[in-house]
Amino acid sequence: MKLKEWMNTTEHRGQNTEVRQKHNGYNFAFIDEGAKREIRRKILKAVAIPGYQVPFGSRELPIARGWGTGGIQITLSIIGPDDTLKVIDQGCDGSVNAVNIKKFVSAVTGVKATTDTKEATVIQTRHRIPEEKMTEEQILVLQVPYPEALRTVEPSEMETRRMHGEADYSRMWLYLYEDIVKFKEISIGARYPVMVNGRYIMDPSPIPRWDIQKLNMAETLYLFGAGREKRIYAIPPYTKVEPLEFEDSKFRVEDFKGAVCVRCGSTDTFFDEIIDDATGRRMYFCSDTGHCDKALESKSRELKTEADQCQ
Ligand SMILES: [Zn+2]
């Protein structure tokens with residue numbers, strides 16, 4: 001088939017025309033094709049070696065480093081015109097960072113955006129993993145500020161790479177042991193170190209301990225991008241991910257016993273705690289706002305059916 005004929009048929013299918021019209025004069029998904037290909041190659045390597053940090057040529061974006069450029073570069077490299085995008089920041093769809101990333105990606109790709117976890121095919125996030133269980137059809141992209149889990153015990157990059165290479169993690173274990181001696185338990189909140197596939201210690205990005213359990217044997221592909229530090233790593237679906245713990249000092253998640261979301265009434269989600277200045281009362285809200293909205297909606301639907309039945 002001649003090139004022109006081929007162009008015509010693809011345009012007939014709507015894809016090419018759509019892509020060309022919707023990116024507002026930018027290349028589809030902003031980054032040039034060569035750079036996107038490099039990032040995709042690095043992602044494949046990261047998937048092949050779960051938990052291993054792959055260096056990549058982090059591109060300049062119209063956003064300052066430290067504002068999620070690693071995550072954005074991954075999202076831009078994997079997103080296609082038929083994808084549906086969700087962006088959250090600390091579980092919230094409406095925060096400034098999330099809204100602006102969503103606007104930017106939509107402006108340079110034209111893809112549909114959503115707040116519904118189930119509806120999204122690509123979810124970019126900072127500091128949280130959605131409460132709703134995700135499937136094989138979805139990809140979760142995490143923004144990472146500090147990709148090196150061993151940085152707390154070793155400042156030299158050369159040395160941490162050697163330690164990973166030789167699986168020499170004794171200093172990390174010693175650090176955790178000293179923490180227990182000082183505080184009677186491991187005091188790390190966010191960025192809790194995990195062992196991936198029994199081989200690499202990995203920084204899961206600053207998600208709460210609550211979300212660590214969602215990494216283990218998950219159906220979804222997790223991709224981690226650090227733009228400033230120029231690193232990509234991954235947890236492929238159905239990979240064993242274990243938080244570091246001792247036999248007699250077990251890992252545990254945050255305790256929200258007795259807490260209820262003031263908005264939707266949920267009792268089994270990760271909460272944001274807010275203290276009312278006037279009354280001093282402690283209040284809890286679901287950190288995952290998309291999930292909270294859904295729970296609220298189904299609750300009001302239930303109330304409506306009950307009211308209808310009463311009439
Ligand atoms: Zn709620």
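Student: Which residues of α5 are buried?

Tutor: A residue is buried if 20 or more other C-beta atoms lie within 10 Å of its own, exposed if 12 or fewer, and partly exposed in between, with C-beta atoms placed from the backbone. In α5 the buried residues are Ala 98, Ile 101, Lys 102, Val 105, Val 108 and Thr 109. Seen down the axis of α5, these fall within an arc of 145°, so they line one face of the helix. The arc is that of the directions from the helix axis to the C-beta atoms. Val 96 and Lys 103, on the other side of α5, are exposed.

Student: What kind of model is this, and how is it numbered?

Tutor: This is a predicted model: local features need pLDDT of at least 70, side-chain atom pairs count only at pLDDT 80 or more, and totals for chains, interfaces and linings use all residues. Residues are numbered from 1 along each chain as its sequence is written. Helices (H or I, at least four residues) and strands (E, at least two) are DSSP runs, numbered from the N terminus.

Student: What is the strand order of the open sheet?

Tutor: Two strands pair if DSSP finds at least two bridges between them. Here 7 strands form an open sheet in the order β1-β9-β8-β5-β4-β2-β3, with mixed pairing. β1 (54-55) and β3 (112-113) stand at the edges with a single partner strand each, so one side of each is left without a neighbour in the sheet. β8 (residues 221-226) and β9 (residues 231-235) pair in the antiparallel sense over 5 bridges. Leu 223 has Ala 234 in β9 as its bridge partner.

Student: How do α3 and α4 pack?

Tutor: Two packed helices are described by the angle between their axes and the distance between the axes. Axes are lines fitted to C-alpha atoms, for helices over the stretch in contact, and angles run from 0 to 180 degrees between N-to-C directions. α3 and α4 pack at about 100°, with axes 9 Å apart. That makes α3 roughly perpendicular to α4 (65 to 115 degrees; under 35 is roughly parallel, over 145 roughly antiparallel, the rest oblique).

Student: Which residues meet there?

Tutor: Contact requires C-beta atoms, placed from the backbone, within 7 Å. Lys 36, Ile 39, Arg 40 and Ile 43 in α3 meet Gln 73, Ile 74, Leu 76, Ser 77 and Ile 78 in α4.

Student: Is Phe 30 buried or exposed?

Tutor: Phe 30 counts as buried, with 21 C-beta neighbours inside 10 Å. Phe 30 sits in the loop between α2 (15-22) and α3. Its phi is positive, about 65°, although Phe 30 is not a glycine.

Conventions. Two residues are in contact if their C-beta atoms, placed from the backbone, lie within 7 Å.
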